[in-house]
Amino acid sequence: MTRVTTIGALDRIPQDGPLILACNHASNLDGPIVGSWMLPRLGRRTHWMGKKELFAWPIVGCMASHGGVHPVDRSTADVEAYRLAKRILDEGHALF
């Protein structure tokens with residue numbers, strides 16, 4: 001249905017320690033598509049940050065709630081989301 005292009009070497013992404021994976025996307029599907037393509041190649045658990053509106057969508061919201069996605073309120077400076085992201089990275093996990 002789509003093509004995913006990678007620039008750079010996936011094998012150079014660290015297998016442990018804190019990591020931020022950023023996706024510059026043009027649609028709401030880009031994050032899940034890139035994530036589903038990339039995560040099996042990374043071989044490590046990844047936490048996700050997603051807009052809080054995502055959780056109001058019937059099927060997607062349920063999947064996000066049970067799939068390790070953490071809500072971010074984009075209408076304000078979401079200090080709690082920042083603290084959570086910092087804690088995830090301080091614990092040596094990957095954050096998408």
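Predicted model: local features only at pLDDT ≥ 70, side-chain atom pairs only at ≥ 80, totals over all residues.
**Entry 1**

I started with Arg83, which makes a salt bridge with Glu80, their closest N and O atoms being 2.8 Å apart. My rule for a salt bridge is a side-chain nitrogen of Lys or Arg within 4 Å of a carboxyl oxygen of Asp or Glu. Both Arg83 and Glu80 sit in helix 3, three residues apart, about one turn of the helix. I take helices (H or I, at least four residues) and strands (E, at least two) as DSSP runs, numbered from the N terminus.

I then looked up accessibility, where buried means under 20% relative accessible area, exposed over 50%, and partly exposed in between (1.4 Å probe, protein chains only). Arg83 is partly exposed at 48%, and Glu80 is exposed at 52%.

Residues are numbered from 1 along each chain as its sequence is written, and side-chain values use heavy atoms, with hydrogens and water left out.

How many salt bridges does the rule give? I get four.

One of them joins the side chains of Lys52 and Asp73, at 3.7 Å from N to O. This pair links distant parts of the chain, 21 residues apart: Lys52 is in the loop between strand 2 (46-51) and helix 2 (58-66), and Asp73 is in the loop between strand 3 (69-72) and helix 3 (79-90). Is Asp73 buried or exposed? Asp73 counts as buried, at 18% relative accessibility, whereas Lys52 counts as partly exposed at 43%.

Arg74 and Glu53 form another salt bridge through their side chains, 3.6 Å from N to O. Arg74 lies in the loop between strand 3 and helix 3 and Glu53 in the loop between strand 2 and helix 2, so this pair ties together parts that are 21 residues apart in sequence. I have Arg74 as exposed, with a relative accessible area of 57%, and Glu53 as partly exposed at 34%.

**Entry 1: strand partners**

Next I checked how strand 2 is paired, counting two strands as a pair if DSSP finds at least two bridges between them. Strand 2 and strand 3 run parallel and are joined by four bridges. Lys51 has Val72 of strand 3 as its bridge partner. Between these strands the chain passes through helix 2, and this β-α-β crossover is right-handed. By right-handed I mean that, with the strands pointing away from the viewer, the path from the first strand over the helix to the second runs clockwise. I also found Met49 opposite His70 in strand 3.

Strand 2 is joined to strand 4 (residues 94-95) as well, by two bridges, and these two run parallel. Here Thr46 stands opposite Ala94.

**Entry 2: pockets**

I work on a 1 Å grid over the protein atoms alone, where a pocket is an open set of points where a 1.4 Å probe fits, with protein on both sides within 12 Å along at least five of seven lines; lining residues have an atom within 4 Å of a point. Grid points are joined across faces, edges and corners, and a volume is the space filled by probe spheres set on the points.

The largest pocket comes out at about 760 Å³. It has 24 lining residues, and the closest to its centre are Pro32, Trp48, Met49, Gly50 and Leu54. Which element gives the most to this lining? Strand 2 does, with five residues. By class I count Ala, Val, Leu, Ile, Met, Phe, Trp, Tyr, Cys and Pro as nonpolar, Asp, Glu, Lys and Arg as charged, and the others, Gly among them, as polar. The largest pocket's lining divides into 15 nonpolar, seven polar and two charged residues.

The second largest pocket holds about 310 Å³ of space. Its lining has 18 residues, with Val4, Thr5, Cys23, Asp30 and Val34 nearest its centre.

**Entry 3: Ala22**

Last, I looked up Ala22, in the loop between strand 1 (19-20) and helix 1. Ala22 is exposed, at 75% relative accessible area.
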